[in-house]
Amino acid sequence: MYEGLIKRYKKYLDVDEKYIVSLNEGNTPLIRAKNLEKILDGVEIYLKYDGLNPTGSFKDRGMTMAVSKALEENKKAIICASTGNTSAAAAAYGARAKLKVIVIVPDEKIAKGKLAQAIAYGAKIIAIKGNFDDALESVKKISQESDIQMVNSLNKYRIEGQKTAAFELIDDLKELDYFMLPVGNAGNITAYHKGFKEYLKDDKLKKLPRLFGFQAKGASPIVENKVFKNPKTIATAINIGNPASWDKALNAIDESDGQIDAITDEEILNAYNLLAKEEGVFAEPASCISVAGLIKSYNEGKIKKNSKVVCLLTGNGLKDIDVCMNNMDFDIKNLDDDYALIKEEILKDL
Ligand SMILES: *Cc1c(COP(=O)(O)O)cnc(C)c1O
């Protein structure tokens, strides 16, 4: 039986088994994107669908580690700042571990599905008039001034848990040429780089995949090399103006011969639409930036022919259904319950 990523990769993770808190996260599907391959000719494309983790985002990978370690270190409470997914994961794993959970979120910019999760799992929720970066400042302070454990990605155990996604990729694929992912606080790009390097050292991988990170144009501090005071994008999970792991992201990009680029909200929504309609995969907007980024890089001639590319889908589309309802073109037919009318409506478009 699969029992979560700490047990699967215990050789690479330093945790006392007694304290493991797991929801059997990880082991997410790698899906071949044959219909996208028809559009981007000459590239082999895979989607790593981490939105199928227990709370619907990759944050569970880091949280199983951070919460297990909080127990091992005898902490009684955990806290995080969050655009939504970290709070959902912290609330779930914290509930399971019987820890007090406090989450600080920006009051307007959090997707409803994510907020609903924090409510359901019973976290104490503080919504501030400010953005994620402001929330993180308070969290850093209180975790220094008290015994409350911070579980943002500045917590090194988060990165440890998240690096297992790189292991899964290599266990499944053996090798890949490019890895496309969204960059917010830049914890995840740091984690993948660490994971790939550990596999390289163990001879499980021959060469590092090139890491292509993407930020939303309205929140692209690393691309522009300046802090964004008021970041703004439809991709709320990466609406971050001052990434906590900025330097580590630059190092990961440099060492892997990668790049970082900015993508418009329009391109993100196009990819969101394309992924759902062409591949049957519903991912939240921040995730879809990896596919939008692949399309942009391909069109700019940056992807070599016959290469193997993986796009990371970090979060589930159900997290933020308002984006779908407000931005997709759709037409729901309202009819009386009259079979003749229903039949006519169906047959006319076939
Ligand atoms: C947290 C998150 C990101 C950004 O990850 P970082 O480690 O902050 O760069 C991207 N997509 C989703 C869905 C997220 O929840």
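The crossing of α8 and α9 is right-handed. Here, a crossing counts as right-handed if the near helix is turned clockwise from the far one by less than a right angle, and left-handed if anticlockwise. Helices are DSSP runs (H or I, at least four residues), numbered from the N terminus.

Before you go on, note that this is a predicted model: local features need pLDDT of at least 70, side-chain atom pairs count only at pLDDT 80 or more, and totals for chains, interfaces and linings use all residues. Residues are numbered from 1 along each chain as its sequence is written, and side-chain values use heavy atoms, with hydrogens and water left out.

**Stop 1: α8 and α9.** Select residues 164–173 for α8 and 187–201 for α9. Their axes come within 7 Å and cross at roughly 50°. Axes are lines fitted to C-alpha atoms, for helices over the stretch in contact, and angles run from 0 to 180 degrees between N-to-C directions. The two helices are therefore oblique to each other. Angles under 35 degrees count as roughly parallel, over 145 as roughly antiparallel, 65 to 115 as roughly perpendicular and the rest as oblique.

Now show the side chains. Among the contact residues are Phe167 and Ile170 of α8, with Tyr192 and Phe196 of α9. Contact means heavy atoms within 4.5 Å.

**Stop 2: α9 and α11.** On α9, pick out Ile189, Thr190, His193 and Lys197; they meet α11 residues including Ala249 and Ile253.

**Stop 3: α3 and α4.** Move to residues 59–72 for α3 and 85–97 for α4. These helices pack at about 40°, with axes 9 Å apart. The crossing is right-handed. Lys59 and Met63 of α3 are among the contact residues, as are Asn85 and Tyr93 of α4.

**Stop 4: the ligand.** Which residues come nearest to the ligand? Of the 16 around it, they are Lys59, Asn85, Asn185, Asn188 and Thr314. A residue is near a molecule if one of its heavy atoms lies within 4 Å of it.

Zoom in on Lys59. An N or O atom of its side chain is 2.6 Å from an oxygen atom of the ligand. Then turn to the backbone. An N or O atom there in Gly184 lies 2.8 Å from a ligand oxygen. A polar backbone atom of Ala186 is also 2.8 Å from an oxygen atom of the ligand.

Key. Polar contact = N/O pair within 3.5 Å; in protein donor to acceptor, adjacent residues only side chain to side chain.
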